[in-house]
Amino acid sequence: MKAHLVVTRPAFTLDIELDVAPGEVVALLGPNGAGKTTALRALAGLIPLTRGEIVLDGQAIHTRPAEQRPIGMVFQDYLLFPHLSALDNVAFGPRCRGVSKTEARRTAAALLEQVGLAGHASSRPRRLSGGQAQRVAVARALAVRPALLLLDEPLAALDAHTRLEVRSQLRRHLAGFEGATVLVTHDPLDAMVLADRLVVVENGSVVQQGVPAEVARRPRTDYVARLVGLNLYRGVADGHRVTVGDLLLSAADTMEGPVFVAFPPAAVALYRTRPDGSPRNVWQARIDGVERHGDNMRVHLTGPVTAFADITPAAVAELDLTPGQEIWASVKATETHAYPA
Amino acid sequence: MLVVPAVLGLAFLVLPLAGLLVRAPWSTLPQRLAEPQVLEALRLSLVTATIATAVCLLLGVPLAWLLARVEFPGRRLVRALVTVPLVLPPVVGGVALLLVLGRRGLIGQWLESTFGVTLPFTTAGVVVAEAFVAMPFLVISVEGALRGADRRFEEAAATLGASRMTVFRRVTLPMIMPGVVAGAVLCWARALGEFGATITFAGNFPGTTRTMPLAVYLALETEPEAAIVLSLVLLAVSVIILASLRDRWLS
């Protein structure tokens with residue numbers, strides 16, 4: 001699937017290009033209001049394109065209404081028809097595409113069995129749990145044998161525990177699906193686990209794309225850096241030395257010219273007095289706040305650069321950290337990575 | 001301070017009905033009810049009100065859909081026009097129907113010359129008069145239900161390949177069914193009680209156009225006790241319908 005989507009609204013313009021191979025899962029990742037769902041609805045034909053095109057299997061489908069596109073869509077709150085049983089919900093698509101009632105029900109029953117809900121075929125949607133409803137929604141979308149599968153925040157409505165389980169099941173179903181898949185999410189974990197490739201959308205444009213590991217290692221915007229949990233700065237490199245504002249950092253990579261520098265919060269160490277040794281990678285910061293972060297404490301630092309530092313609770317107690325306090329921070333050069341901006 | 005007018009209002013609504021029950025000739029009720037004229041009027045009323053409701057459903061549900069779902073120029077005007085019969089005195093409605101569908105009427109003339117069909121002063125005319133007066137109730141109720149329905153279900157159906165007609169038939173209609181039923185009940189009740197438009201457009205012929213309300217009015221002049229009996233029957237029918245549908249649809 002190749003698409004160039006342009007949707008113009010009074011206060012917002014979406015303009016992105018998407019290229020998804022059959023069998024590939026691409027996640028559109030971005031903050032709320034970035035235009036991810038708009039892009040998905042445009043692909044589905046639920047809103048018209050202002051400009052651009054959608055080509056699927058060599059056919060331009062953007063001129064067709066939603067019901068004539070070879071797509072399947074899973075909505076954020078599933079939108080299972082409340083007056084139909086799970087089986088009839090799944091059989092709905094094949095029925096609309098001219099399959100006989102018996103045949104459609106057979107297809108639906110087989111799909112429900114695949115998602116492990118054979119025993120709930122006659123249940124109405126309101127009798128299903130969130131995770132079950134999600135699986136019925138996936139089965140319903142797959143029942144029409146779409147060439148393009150669209151998923152809008154497929155796990156957002158689930159509680160943390162169910163989410164874990166449903167996520168791995170969804171991953172299995174997506175792996176078995178032969179068509180192209182576009183998944184919208186604002187959860188980096190969902191994106192990393194489910195997608196072969198991430199496309200990060202901010203303010204209606206693509207700001208970064210790549211395989212999950214690449215995006216996680218080399219974020220290019222503050223939003224992505226926050227998602228993947230890295231401190232990110234723009235600087236100018238001269239060999240191993242990178243200048244970020246007034247701060248001089250030593251990086252593990254040799255670069256020249258404008259670069260991004262990133263290091264994990266766990267690579268930052270804090271001291272009450274200036275540490276000995278190299279003057280690089282050391283700066284004086286002010287503590288802006290301290291919060292729990294997993295097993296560690298995350299310290300928010302301001303100063304020449306804004307940074308997060310993850311340290312152990314014991315270290316917090318030992319250093320007697322309080323907001324507003326001046327402190328020395330250092331980061332290991334081996335964990336500071338520079339890459340072209 | 002609000003309790004006093006509230007109680008007065010309640011009394012105002014309930015007392016006339018109580019009066020009806022108090023003054024009813026209970027001892028002779030069975031014989032009076034079994035009188036052929038009563039049964040005939042009751043049968044005519046039930047049949048015409050039911051057919052009128054069916055006509056309203058057939059035409060009114062698509063009209064409500066048009067008003068709720070399709071953007072077109074002049075939609076507000078059309079919605080206003082639809083509600084006109086609601087505020088129009090029924091007698092005026094009857095006169096208007098005569099002018100259009102009467103023998104000399106704009107369409108009535110053509111109907112008679114082409115199909116040999118005349119509507120005024122026939123049972124079909126009763127249905128027309130009742131449908132004219134009752135349809136707005138259905139349209140408004142169904143349109144409200146359509147506006148309240150989550151349109152994203154319709155979008156979901158479209159992504160599954162459902163045409164507009166299939167979406168309407170298999171998704172929209174089942175989801176707004178309570179609104180349709182409520183509208184149909186209102187519509188039916190209004191048609192059952194129709195008087196002004198019916199007597200103007202369809203006249204007052206026993207057996208063909210004399211419905212219960214007409215019979216009540218007529219009996220009041222000659223035989224007041226019969227009028228009370230007929231009124232009780234209308235009241236009972238209304239209450240029974242309302243009560244039987246209430247639990248399932250109207251709550």
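1. Of the contacts in chain B with a separation of 6 or more, 71% are between residues 24 or more positions apart; contact here means heavy atoms within 4.5 Å. Please keep in mind that this is a predicted model, in which local features need pLDDT of at least 70 and side-chain atom pairs count only at pLDDT 80 or more, while totals for chains, interfaces and linings use all residues. Residues are numbered from 1 along each chain as its sequence is written, chains are lettered from A in the order in which they are written, and side-chain values use heavy atoms, with hydrogens and water left out.

2. Now the overall make-up of chain B. You will find 13 helices and zero strands there, where helices (H or I, at least four residues) and strands (E, at least two) are DSSP runs numbered from the N terminus. The C-alpha atoms of chain B fill a box of roughly 65 × 60 × 35 Å along the principal axes. Of the 251 residues in chain B, 41% are buried, that is, under 20% relative accessible area with a 1.4 Å probe, protein chains only.

3. Helix 9 of chain B deserves a look. Its twelve residues (164-175) should span 16 Å at 1.5 Å a residue, and the end C-alpha atoms are 15 Å apart, which agrees; the expected span is 1.5 Å times one less than the number of residues. The buried residues of this helix are B:Thr166, B:Val167, B:Phe168, B:Val171 and B:Thr172. What covers them includes helix 2 (86-96) of chain A, along with helix 3 (36-69), helix 7 (123-148) and helix 8 (152-159) of chain B.

4. On to the interface. In chain B, 17 residues are in contact with 22 residues of chain A. The area buried between the two chains is about 1,700 Å², with carbon and sulfur atoms giving 67% of it; buried area is the accessible area (1.4 Å probe) that two parts lose on being put together, summed over both. On the chain B side, B:Thr159, B:Leu160 and B:Arg170 lose the most area to chain A, together 42% of what that side buries.

5. Finally, the charged pairs. Two salt bridges are counted between chain B and chain A, each a side-chain nitrogen of Lys or Arg within 4 Å of a carboxyl oxygen of Asp or Glu. A:Arg41 forms a salt bridge with B:Glu155, and their closest N and O atoms are 2.8 Å apart. Helix 8 and helix 9 of chain B are the elements that give two or more residues to the side touching chain A, and helix 8 gives the largest share, seven residues.

Notes:
Buried means under 20% relative accessible area, exposed over 50%, partly exposed in between (1.4 Å probe, protein chains only).
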